[in-house]
Amino acid sequence: MSKDDKDKVQIIDKDLDLSNAGRGVWLVKVPKYIAQKWEKAPSNMDVGKLRISKTPGQKAQVSLSLTPAVLALDPDEKIPTEHVLDVSQVTKQTLGVFSHMAPEAAANIGKENSTAPGATPDNEKLYMEGRIVQKLECRPIADTCYMKLKLESIRKASEPQRRVQPIDKIVQNFKPVKDHAHNIEYRERKKAEGKKARDDKNSVMDMLFHAFEKHQYYNIKDLVKITNQPISYLKEILKDVCDYNMKNPHKNMWELKKEYRHYKTEEKKDEEEHKSGSSDSE
């Protein structure tokens, strides 16, 4: 978060009720299928029964049994009813449970322990419900019902995300192009040109001289198109009659060597120099 965003955050001071701060509570982790059942259950329904059996000199045994009312919420879905809770102590950390509700609903905690309808963050009150003293992990007993549930979950996880579905009629959707027009045109042109064959060196030099009469500088791609020669063979000839520019403004361009140049501009310049020299002598 940037500094500007921090400045925009609205800070609201709220009162925290610590009357239950000394109360010890349990943090229980339940399987997903139990959590889904409890979410469907109404607030006034008994969802389970907790049994704690203590034996002298041994750890307390904690078990959980789901009520028939919860199982009746979805009779077609068979889930285990008996569970064992593994208890572990909370050490080296402090965990708490907090709740929030509107002031007018604070006195009615037994009926509803949530935000009252119409409540806004400005008028909510925070409560500390207790300090977590034990962690419990709920695990089902490995009976026939649990094995069937596990087998069904494995089967669903192994089902492929995509399936091949046969169709009996034409689907009017966009179909990808098998081959683009410019690719077809390029292959046909290359096929028509065929493999580039080496011409006679003198013929290639004539084509080069004729090209350099039109322009002074060429790159290698243009010269390949003009002469229709293999690039390696063309470079061998260019090294004999041309210079390769390594500096700007004509970097990576070829031009004729000085002994092969006969541009009109240079001829006129020589004539002007000759005339000026003769006039000075007079």
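Guide: Welcome! In this predicted model, local features need pLDDT of at least 70 and side-chain atom pairs count only at pLDDT 80 or more, while totals for chains, interfaces and linings use all residues. Residues are numbered from 1 along each chain as its sequence is written, and side-chain values use heavy atoms, with hydrogens and water left out.

Visitor: Which residues form the positive surface patch?

Guide: Patches take residues with over 30% relative accessible area and no salt bridge, joining like charges within 9 Å and nonpolar side chains (Val, Leu, Ile, Met, Phe, Trp, Tyr) within 5 Å. A salt bridge puts a side-chain nitrogen of Lys or Arg within 4 Å of a carboxyl oxygen of Asp or Glu. Here the positive patch consists of Arg189, Lys190, Lys221 and Lys225.

Visitor: Which helices each supply at least two residues of the positive patch?

Guide: Helices are DSSP runs (H or I, at least four residues), as are strands (E, at least two), numbered from the N terminus. Those helices are α5 (181-193) and α7 (220-227).

Visitor: Is Lys225 buried or exposed?

Guide: Buried means under 20% relative accessible area, exposed over 50%, and partly exposed in between (1.4 Å probe, protein chains only). Lys225, in helix α7, is exposed at 69%.

Visitor: Where is Asn252, and what is its phi?

Guide: Asn252 sits in the loop between β8 and β9; its phi is near 65°, a positive value in a residue other than glycine. Asn252 is partly exposed, with a relative accessible area of 42%. The loop between β8 (242-244) and β9 (254-256) also holds Pro249, and the peptide bond from Asn248 to Pro249 is cis, with omega near 10°.

Methods:
Accessible areas come from the Shrake-Rupley method with a 1.4 Å probe; for residues, only the protein chains shown count as cover. Lys and Arg count as positive and Asp and Glu as negative; His and the chain ends are not counted. The place of a charge is taken as NZ of Lys, CZ of Arg, CG of Asp or CD of Glu.
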